[in-house]
Structure formats: C-alpha cells, structure tokens
Amino acid sequence: MKASFEACDNGNMPGCSSNCLQDKGYLCISNVGQASQCDPICGDGIVVGDEKCDNGMNVGCKDYKCKKPDDGFTCTGGSSTSSSTCSGICGDGFKTATEQCDNKNQLGCSTGCKTDTGYTCTGSTGQTSVCSPICGDMRVIGTEKCDNGKKVGCLTCLNPDPGYT
C-alpha cells in the first residue's frame, strides 16, 4: 500500500523499486492507501516488463503497444538501457516503410526487397507489391516478348506488332 511519502508501492513488483521509487521505463499510478499499478511505458525506447520491443514508437514497434512487432516486421535487441532494432521481413509479401517493394521474392522485387533493374513496382505499405517489366527500356525481361524502345515493331512489348517478328 502506498504511503503519502512514497512515489509508489506495489509490493516490490516490477515498476516500483524496494525504495518505493518508480523504476525507469515504468509509469506507476496509485492513491495513498492503495497498491500502485505500474506498467511499462511503450515508446520510451527501452524494453522492460512484458514489452517485446520498444524503439521509441518508430516504424516496426508501435501498433501493438510494444507487446509484439508491427505486422511485417521483426525486432531484435532492446533492454532497460537500449531500444529495439526493427526491420521489415523481406519476402513475406507485406510491404513495409523500410522496403521498396515486397512481392514474396518474385520477379521484379527480389534481393533485399529492392526493385530489380528493368522493373517497376507498385503497392502501398501493408500490401503485396505488383511488379512489371518496364516496356521501352530495351531489355526483354519477365513477360515481355520484345522491347525495342517502344518503336514500330514492338509497341506494347507483349508481342511483336503484326507483320514483325
């Protein structure tokens, strides 16, 4: 039970020290005569209590009150003196803010979730990227059957124009 001269008192549980001082990374709430309720502060950049990640409310660990990484992310590290490091899971088909694209490592977006040369990828954060060859770049890749810079003979890159091979 919290006395008037104590900052907190929760029976020496996490969040309140044996000296009845609030531990770093916790917020304790109570009234005199009641046990303090101490909870980790999500977003303070340190990992304490039941937090699984905390990188200061940056991308990767902010959607679930530090109880788990955001969808499409993995977080490592973090302690009572350091923050977690979070990064997108490349190849899961869930584009994150740290990835140029993510289409489950298919053509157009493979190594390191960066757009492959000769491709363009669309799709917002949280979506699977859709990648297509760039027609007119003089490279025949992916679904292209020809690519001469979008000149007569191969205007669409999908098939040679009628009368051309």
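Me: Does G72 count as buried or exposed?
Reply: This is a predicted model, in which local features need pLDDT of at least 70, side-chain atom pairs count only at pLDDT 80 or more, and totals for chains, interfaces and linings use all residues. Residues are numbered from 1 along each chain as its sequence is written, and side-chain values use heavy atoms, with hydrogens and water left out. Buried means under 20% relative accessible area, exposed over 50%, and partly exposed in between (1.4 Å probe, protein chains only). Because its relative accessibility is 12%, G72 counts as buried.

Me: Which residues is G72 in contact with, leaving aside its neighbours within four places in sequence?
Reply: Contact means heavy atoms within 4.5 Å. With those neighbours left aside, the contacts of G72 are S87, G88, I89, D92, F94 and T96.

Me: What distance separates the C-alpha atoms of G72 and G108?
Reply: Along the chain, G72 and G108 are 36 residues apart. Their C-alpha atoms are separated by 19 Å.

Me: What is the phi of C113?
Reply: Most residues other than glycine have a negative phi. C113, a residue other than glycine, has a positive value. At 1% relative accessibility, C113 counts as buried. Its phi is near 55 degrees.

Me: What is the relative accessible area of M138?
Reply: M138 also has a positive phi, near 70 degrees. This residue is exposed, and its relative accessible area is 53%.
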